[in-house]
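User: Hi! Could you walk me through some helix packing here?
Analyst: Happy to, here it comes.
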Amino acid sequence: MDVLDAIRSDRAVAVIRGERVADPVRLAATLAGAGIRAIEFTFTIPDVLAAIEAVAGSGALVGAGTVRDERQARDALSAGARFLVSPACVEDVALVAREAEVPVFLGALTPTEVDTALKAGTSAVKLFPAGIGGPGYLRDLRGPFPDAAFVPSGGVTVENARAFLEAGAIAVYAGSRLAPPELVATGEHEEIGRRAHAFVAALS
């Protein structure tokens, strides 16, 4: 399954943060069952590589987030990550992704940063933190960058997710409002599934 095709189809990527992931495989399955197949575990999670490896072994579309340098990028790919996400425009991360032929999402906010990310070869621009400008800011950015693919992150909620899509985003990142760290840590998958279903419904 192509990662970008799945993300475009689902219109959402789950971003997982926290001190502990109780059951990464079940978490990924819960989210996929609700309609969000791509799941990103960030490098802010202790032992994140073990979580990525476990989910990769299950066949899920797992990626690594908060990737800030070449070493993290290579470690994530070795663990089985199928896409890489950075909060900034880190060209070394893009280079590793190109070598491995996997999608990469570089973070950007300003027009200059967006232009730099595109020239670095980002598969789509992670607009971060998107909550600062909201959907209106994304719409403005698409003026000078009409062919760029944007995936907003940070400040995306059930209430504004659809507005970001209507402003031109190909998908949105769903983070702590979808899967709060405390629910991830305690394995409250039923509640996470409920939230995921509500989030997906809001995109329609």
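User: Is the crossing of α2 and α10 left-handed or right-handed?
Analyst: α2 passes α10 in a right-handed crossing, meaning that the near helix is turned clockwise from the far one by less than a right angle. Helices here are DSSP runs (H or I, at least four residues), and strands are E runs of at least two, numbered from the N terminus. This is a predicted model, where local features need pLDDT of at least 70, side-chain atom pairs count only at pLDDT 80 or more, and totals for chains, interfaces and linings use all residues. Residues are numbered from 1 along each chain as its sequence is written, and side-chain values use heavy atoms, with hydrogens and water left out.

User: At what angle do α2 and α10 pack?
Analyst: About 30 degrees, with the axes of α2 (residues 24-34) and α10 (residues 189-203) 8 Å apart. That makes α2 roughly parallel to α10, a label for angles under 35 degrees. Axes are lines fitted to C-alpha atoms, for helices over the stretch in contact, and angles run from 0 to 180 degrees between N-to-C directions.

User: Which residues meet there?
Analyst: From α2, Arg26, Leu27, Thr30, Leu31, Gly33 and Ala34 meet His189, Ile192, Gly193, Ala196, His197 and Val200 of α10. Contact means heavy atoms within 4.5 Å. By class, that α2 with α10 contact has six nonpolar, five polar and one charged; Ala, Val, Leu, Ile, Met, Phe, Trp, Tyr, Cys and Pro count as nonpolar, Asp, Glu, Lys and Arg as charged, and the others, Gly among them, as polar.

User: Which residues of α10 are buried?
Analyst: His189, Ile192, Gly193, Ala196, Phe199, Ala202 and Leu203. Buried means under 20% relative accessible area (1.4 Å probe, protein chains only). These buried residues pack against α1 (3-10), β1 (12-16), α2, α8 (161-166), β8 (172-174) and α9 (181-186).

User: New topic: where is Ala76 found?
Analyst: Ala76 is in helix α4 (residues 70-79). Ala76 is buried, with a relative accessible area of 0%. Beyond its neighbours within four places in sequence, Ala76 is in contact with Phe43, Leu49, Ile52, Ala64, Ala81 and Leu84.

Methods
Angles under 35 degrees count as roughly parallel, over 145 as roughly antiparallel, 65 to 115 as roughly perpendicular and the rest as oblique. Buried means under 20% relative accessible area, exposed over 50%, partly exposed in between (1.4 Å probe, protein chains only).
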